[in-house]
Amino acid sequence: MKRTDVVIVGGGLAGVTLALGLSQQGFQVQVIEQQAGEPDALPPVIPSARVSALHLASRRLLTHLGVWSRLARQTPFTDMQVWERDGHGRLQWSAAALMQTEMGHIVENEVLVRALLDALSETRVEIRRGVTVQSLQADDEGVSLLLDDGTFCRAALLVAADGAHSPVRRLLDTPMLAWDYGHTAVVATLRMATPHQQCARQLFTPAGPLALLPLSDPHWCSLVWSLPPDEAAARMALDDQAFAKAVAVASDHSLGLCEVLGPRQAIPLRARFARQLIQQRCILMGDAAHTIHPLAGQGVNLGLMDVAALMDILYQHRHDAPWPTLHFLDRYVRWRKSEAAHMLAAMEGIKQLFALPGPLAALVRQQGMQCLNQAPWLTRGLLRQAMGLAGDLPGWLREVEL
């Protein structure tokens, strides 16, 4: 039976990042991933539709792990514009207001996973692909996993980083708080007529928020368009030309006409919040622990900060291995549940605020935007939080130079 310090179920962004970080700290780590294949060695010419908006704390983590320099491509954004299509309020934020060179970076998920795997190949981490966990059993010394190929593995700690539909979470029968957002995210890569100028744009329409995120080419943007399911299905059924016209109209022609590059995807949106992060020597992290609406692009950042927090706490207790008790992880639970709860509440509040119909609600939103524009001290606080410059971060993460 294979024995390690930590078994990580899930070879996505959170799981592979944690595996790399723990291995660099000297832990023995094994990764279990149900998908058999790996991302292509070279990124596609046209960026894939799934991207992440990484804030500066996430960049610091990836820099600390030696991954940032391995990215085949990434796009910094220096400005952000937020407005309501049928209103008069508008927010315009700039990294320069906080004496920063950028507000964050847009990175294709495939490109990021490939860079992580490249770095992981230089460690002793074993990745077992094409297998799933059939059952698990925990005792006072560790947890044993039975895999579907008939083999066993054992570790002092199991980390479930296996996504929003986490099989490990189902095996544990973890109590969840969950609700449908009533939205489906339509994502695509577009070529815009007007250059994006490294500005991330988000506008709120009566149907839902629409984001245009800058990519490596000055005319390429990643579209994230949140719509009611029936409207999303109707947009997905359009041919590329008709879909491009619909995007131009919905986005106030902010970047002119556009052209669809590559396939579109439709992703149902659902909020999830695990009531327990630790059960039977198993800990949930990333999308297995929480999922939020993508309107502020914070989902991946939330998962990467889970990684940083767990790295920090496990390293502090590395000499206690194989961890006869896991009481020291209570701090992780309080830390991460609090941040996830605040983020869920904030996303729900923003979504509900912009969904309110009527002229009075529109006036309130307009006045609120004007107040933010006229209160630099408040704007700076919000920006610092969104950019990963504030909040409860490990001390070593704050010290990483970019």
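Trainee: Which residues in H7 do Ala57, Ser58, Leu61 and His64 in H2 meet?

Mentor: This is a predicted model, in which local features need pLDDT of at least 70 and side-chain atom pairs count only at pLDDT 80 or more, whereas totals for chains, interfaces and linings use all residues. Residues are numbered from 1 along each chain as its sequence is written, and side-chain values use heavy atoms, with hydrogens and water left out. Helices (H or I, at least four residues) and strands (E, at least two) are DSSP runs numbered from the N terminus, and contact means heavy atoms within 4.5 Å. The four residues in H2 meet Asn301, Leu304, Met305, Val307, Ala308 and Met311.

Trainee: How is H2 oriented relative to H7?

Mentor: Axes are lines fitted to C-alpha atoms, for helices over the stretch in contact, and angles run from 0 to 180 degrees between N-to-C directions. Helix H2 (residues 56-64) and helix H7 (residues 299-316) have axes 9 Å apart and pack at an angle of about 50°. Angles under 35 degrees count as roughly parallel, over 145 as roughly antiparallel, 65 to 115 as roughly perpendicular and the rest as oblique, so H2 lies relative to H7 in an orientation that is oblique.

Trainee: Is the crossing of H2 and H7 left-handed or right-handed?

Mentor: A crossing is left-handed if the near helix is turned anticlockwise from the far one by less than a right angle, and right-handed if clockwise. The crossing of H2 and H7 is left-handed.

Trainee: Which residues of H2 are buried?

Mentor: Buried means under 20% relative accessible area, exposed over 50%, and partly exposed in between (1.4 Å probe, protein chains only). H2 is mostly covered, with 7 of its 9 residues buried. What covers them includes helix H1 (13-24), helix H3 (109-120) and H7. The buried residues are Leu56, Ala57, Ser58, Arg59, Arg60, Leu61 and Leu62.

Trainee: How are H1 and H3 oriented to each other?

Mentor: Their axes are 10 Å apart, and the two helices pack at an angle of about 25°. In their contact, Leu13, Val16, Thr17, Ala19 and Leu20 in H1 meet residues in H3, including Leu112 and Leu116. H1 and H3 are therefore roughly parallel.

Trainee: Why does serine 48 count as buried?

Mentor: Serine 48 lies in the loop between strand S2 (29-33) and S3. Not counting residues up to four places away in sequence, serine 48 touches Glu108, Glu110 and Thr189. Serine 48 counts as buried because its relative accessibility is 14%.

Trainee: What kind of pair do the rings of tryptophan 179 and tyrosine 181 form?

Mentor: Rings of Phe, Tyr and Trp (its six-membered ring) pair if their centres lie within 6.5 Å; planes under 30 degrees apart count as stacked, over 60 as edge-to-face and the rest as tilted. The whole structure holds 4 aromatic pairs. Tryptophan 179 and tyrosine 181 have ring centres 6.3 Å apart and planes at 75°, so their pair is edge-to-face.

Trainee: Is tyrosine 181 buried or exposed?

Mentor: Tryptophan 179 counts as partly exposed, at 25% relative accessibility. Tyrosine 181 has 4% relative accessibility, so tyrosine 181 counts as buried.

Trainee: How far is arginine 318 from the ring centre of tyrosine 315?

Mentor: A charge sits over a ring if NZ of Lys or CZ of Arg is within 6 Å of the ring centre and within 35 degrees of the ring normal. Arginine 90 lies over the face of tryptophan 83, 4.4 Å from the ring centre. The charged end of arginine 318 sits over the ring of tyrosine 315, and its distance from the centre is 3.9 Å.
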